[in-house]
Amino acid sequence: IDYSMPVRCMGYDAAEYHRQLKAKKRRWNLMNGRQKGPCITSGAVSAATSHEKLSGILKTDRLQPVYTVCLYSGTDPWDGPRTLSDMMAFHPNDNYLRFLFRDYPLNLFCVNEHSGFDEFHTDLRQLFRAMNCRKDKQKLTELMGDNLYSHLNEDTWDAIAVMTDNAALLQNKEAFRNTYGNQEGFDMCQALDELMADKMNEGILIGKREGKHEGILIGKREGKHEGILLEKQNSEAKIRTIISNMLAGGVSCENICRFLECDPSFVEQIRESIQ
């Protein structure tokens, strides 16, 4: 949003009128021989009035009207000035001078303030509709199902790709070139379908890789846990064997507990199992 836009557009209009006026003055100077260039003869020069000579243009000269339209393509609501008067610091008690002020309205078209765009009969309709769906990917996908997007000219294709921030559409557009009647175009419906399918397949592959990786981690954790349990079971079996041999050799329970640092109840449990 440019808060200086009314002054900017007024400057564009004034610059174009100045360019046209300068061209007519240059023609006048050529007709009067005041400037080097191809000789132009006209009976109107000799009959020109003093006012026309002073102005450097004929009284009948006319300029082409200029219509500057500001296209706002942003997604935020426009909160800037819409007329030149919106930028003025008028004195609250000076109504007379304010009456003399000649306002300059801004021809502002905010894409995000419209929805249907049925008044457009060119590819601008498709462009503006797509721009209005930039924040809603689901809505944009549904919109691209419209047949109007099955045969777009190259400029519209590029504009939609840029405005919707979709680099893949720019990189792969040649794959979707088609012919409709005698004209060539690009099928964005097919392009988005394939891009969506690619994204889905990519998601599946990522899911598989992440699932496999997670499975390996789980397997490692379970394997480590099982290994610890097995090692613990093997150690316990070895201790039981040692205690059994020591009991068979006549070693007392007190000495076994002192040598192996085990609980007397555990030794007694093994003694009972032997008997």
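This note goes through a predicted model point by point.

1. Basis. The model is predicted, so local features need pLDDT of at least 70 and side-chain atom pairs count only at pLDDT 80 or more, while totals for chains, interfaces and linings use all residues. Residues are numbered from 1 along each chain as its sequence is written, and side-chain values use heavy atoms, with hydrogens and water left out.

2. Overall make-up. The chain has eleven helices and four strands. Both are DSSP runs numbered from the N terminus: helices are H or I with at least four residues, strands are E with at least two. Of the 275 residues in the chain, 27% are buried. Buried means under 20% relative accessible area, exposed means over 50%, and partly exposed lies in between (1.4 Å probe, protein chains only).

3. Surface and contacts. The chain exposes about 19,500 Å². Carbon and sulfur atoms supply 54% of that area. Areas come from the Shrake-Rupley method with a 1.4 Å probe; for residues, only the protein chains shown count as cover. Take the contacts (heavy atoms within 4.5 Å) between residues at least 6 apart in sequence: 57% of them join residues at least 24 apart.

4. Helix α7. This helix spans residues 154-163, and its buried residues are Thr156, Trp157, Ile160 and Ala161. They sit on the same side of α7 because they cover an arc of only 135° around the axis. The arc is taken over the directions from the helix axis to the C-beta atoms. Asp155 and Val162 are exposed on the other side of α7. Just after α7, Asp165 takes a positive phi of about 55°.

5. Nonpolar patch. Val7, Met10, Met87 and Met88 make a nonpolar surface patch of about 290 Å². Patch residues have over 30% relative accessible area and no salt bridge; like charges are joined within 9 Å, nonpolar side chains (Val, Leu, Ile, Met, Phe, Trp, Tyr) within 5 Å. A salt bridge is a side-chain nitrogen of Lys or Arg within 4 Å of a carboxyl oxygen of Asp or Glu. Met88 lies in the loop between β1 (70-72) and α4 (95-100). Met88 counts as partly exposed because its relative accessibility is 34%.

6. Cysteines. A disulfide is a pair of cysteine sulfur atoms within 2.5 Å. By this rule the count is zero. Cys9 is in no disulfide; its nearest cysteine sulfur, that of Cys70, is 5.2 Å away. For Cys70, that separation from the sulfur of Cys9 is too far for a bond. Cys9 counts as buried, at 3% relative accessibility. Cys70 also counts as buried, at 9%.
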